[in-house]
Structures are given as structure tokens and as C-alpha cells.
Amino acid sequence: MNRAQSGPHCGSLGDYLRRVLILQLCFGAIAAGLAFFATGSFAAVPPSDSLHRLSFPLTDQRGQRFTLAEERRPATVVSMFYGDCHSACPIAIETTKRMVETVPAARRKNLRVLLISLNPGTDTPEMLGHLVMRHELDPQVFRFGIPADESHTRQIAATLGIKYRRLPDGEINHSTRFVLLDADGRIVKTSDRLGVEPETDFLEAIDKAVGR
């Protein structure tokens with residue numbers, strides 16, 4: 001009689017404890033999900049086609065380290081060069097100046113021009129600082145970047161579609177490409193034209209990206 005009475009009692013207690021455990025697990029999962037969204041972890045993951053996934057640091061002309069993901073202006077024009085170049089690179093820098101000049105001054109805060117070195121073993125922040133002054137570049141718009149090593153340089157060049165190779169005399173033979181990125185680091189437009197005047201459709205893409 002006593003055994004028959006104790007059976008149902010023990011079974012009810014066991015069911016009760018299982019329900020408590022399930023509820024605790026559910027509350028824990030909900031709390032973890034809320035914390036995940038509250039910290040912005042979901043939004044911080046770059047899109048799969050974004051250059052912001054290249055997370056290694058660059059060093060600018062002021063000696064400050066930064067990543068591509070930190071450049072989140074509505075429009076960023078990226079190209080590659082090296083400081084000792086006396087042929088294509090000075091023309092490319094002047095081309096980017098023309099691009100900036102077509103943007104009204106009030107909207108240039110939405111534009112970044114990022115020029116990344118192909119020669120991290122030689123280009124230094126001091127050298128690039130002199131380039132800023134020599135070409136009279138607006139430091140609020142222009143930023144140079146030096147990768148830490150050759151491996152990072154090759155990853156960036158491959159992502160941008162820029163080909164290069166070092167010659168025995170120290171010169172670097174390379175293609176020139178201007179790449180327009182949106183705020184998420186995705187490629188909006190490219191231009192392979194090297195000349196004093198930028199391509200019209202590339203300028204139109206910049207004008208649209210910087211907003212009204």
C-alpha cells in the first residue's frame with residue numbers, strides 16, 4: 001500500500017524537475033541570443049564579398065595602424081602604388097586628385113582615397129608623408145597604407161585584381177586599377193584607365209556613392 005502510494009509521488013517529482021531543467025535551458029538560450037545581438041556581433045561580420053574580411057593591419061603616413069574594416073565611409077577609392085615609382089604611380093595619384101576635385105567640398109567627408117603600397121620593405125610612413133605634401137593631397141580624404149609584409153601585399157593585390165612583379169633593378173612592374181568600395185567594403189565599380197582624366201562612369205559612381 002505504501003509502495004503503491006510512493007510510486008506516483010516519485011514520478012511527479014521527476015517530471016517536475018525535468019520541466020524546471022528545460023525551462024532553465026530555454027531561458028539560457030534566449031539570454032545568450034539577446035546578448036549576441038546587443039553586442040552587435042551579428043552586424044560586425046563582413047559580407048562574404050567584402051574587402052573588410054582582410055583583417056590584417058596597415059600603417060598609414062602618420063604611423064597609425066588601421067584595418068580596411070575601419071574605413072567605413074560611404075565611398076572609398078582604393079588603388080596600389082609604390083613610393084619610388086616615377087612613371088605610372090605619380091599619374092595614378094594625380095588621377096585620384098581629379099576624382100576628389102569632382103566631388104563638392106561639402107560631400108568629401110563621405111569619400112576616402114586609400115592608396116596601398118606595393119613595396120612594404122621600402123616605403124615608410126615618413127616617405128609617404130612627403131608624398132602627401134609633394135602632391136598637395138587633402139589628408140582628410142587621402143590615406144596611404146603600408147602592409148606588414150609581402151604576403152599581405154599579395155592578398156590585397158589579388159583581391160583588387162592588381163598584378164605586379166618585382167624586377168631585378170628594384171622597379172615594380174604592375175597594373176593600375178581604381179576600385180570603388182561601399183561602406184561595407186564591397187566593390188561597386190572598377191576602372192583600369194590610367195590618364196589625367198578619370199573615366200566618366202567611374203566619376204558618376206563616386207558621385208552616387210557619396211550621396212547628396
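Reader: Which residues point one way from strand 3, and which point the other way?

Author: A75, V77, S79 and F81 go one way, while T76, V78 and M80 go the other, and all are buried. Buried means under 20% relative accessible area, exposed is over 50% and partly exposed sits in between, using a 1.4 Å probe and protein chains only. Strands here are DSSP runs of E with at least two residues, helices are runs of H or I with at least four, and both are numbered from the N terminus. This is a predicted model, where local features need pLDDT of at least 70 and side-chain atom pairs need 80 or more, while totals for chains, interfaces and linings use all residues. Residues count from 1 along each chain as its sequence is written, and side-chain values use heavy atoms, without hydrogens or water.

Reader: OK, and how does strand 3 pair with strand 4, parallel or antiparallel?

Author: Parallel, with 7 bridges joining the two. V78, for example, has L114 as its bridge partner in strand 4. Between those strands the chain passes through helix 3, and this β-α-β crossover is right-handed. Right-handed means that, with the strands pointing away from you, the path from the first strand over the helix to the second runs clockwise.

Reader: What about strand 8, how many bridges does strand 3 share with it?

Author: There are 3, in the antiparallel sense. V78 turns up again here, with V179 as its bridge partner in strand 8. Two strands pair if DSSP finds at least two bridges between them.

Reader: Back to helix 3. How far does it reach from its first C-alpha to its last?

Author: Helix 3 covers residues 88-101, 14 residues in total, and reaches 20 Å, close to the 20 Å expected. The expected span is 1.5 Å times one less than the number of residues.

Reader: Which strands and helix do its buried residues pack against?

Author: Strands 3, 4, 5, 7 and 8, plus helix 6 (200-210). The buried residues of helix 3 include A92, I93, K97 and V100.

Reader: Changing topic: where does D138 lie?

Author: In the loop between helix 4 (125-134) and strand 5. Its side chain reaches the backbone nitrogen of Q140 at 2.9 Å.

Reader: Why does D138 count as partly exposed?

Author: Because its relative accessible area is 31%.

Reader: And R143, buried or exposed?

Author: Buried, because its relative accessibility is 12%. R143 lies in strand 5, and its side chain makes a 3.1 Å polar contact with that of D60. A polar contact is a pair of N or O atoms within 3.5 Å; within protein, one must be able to donate a hydrogen and the other to accept it, and residues adjacent in sequence count only if both atoms are side-chain atoms. Leaving aside neighbours within four places in sequence, R143 is in contact with residues including Q64, E71, R112 and L114. Contact means heavy atoms within 4.5 Å.

Reader: Last one: what's the mean pLDDT of the protein chain?

Author: It's 85, and 78% of residues reach 70 or more. pLDDT is the predictor's confidence in each residue, from 0 to 100.
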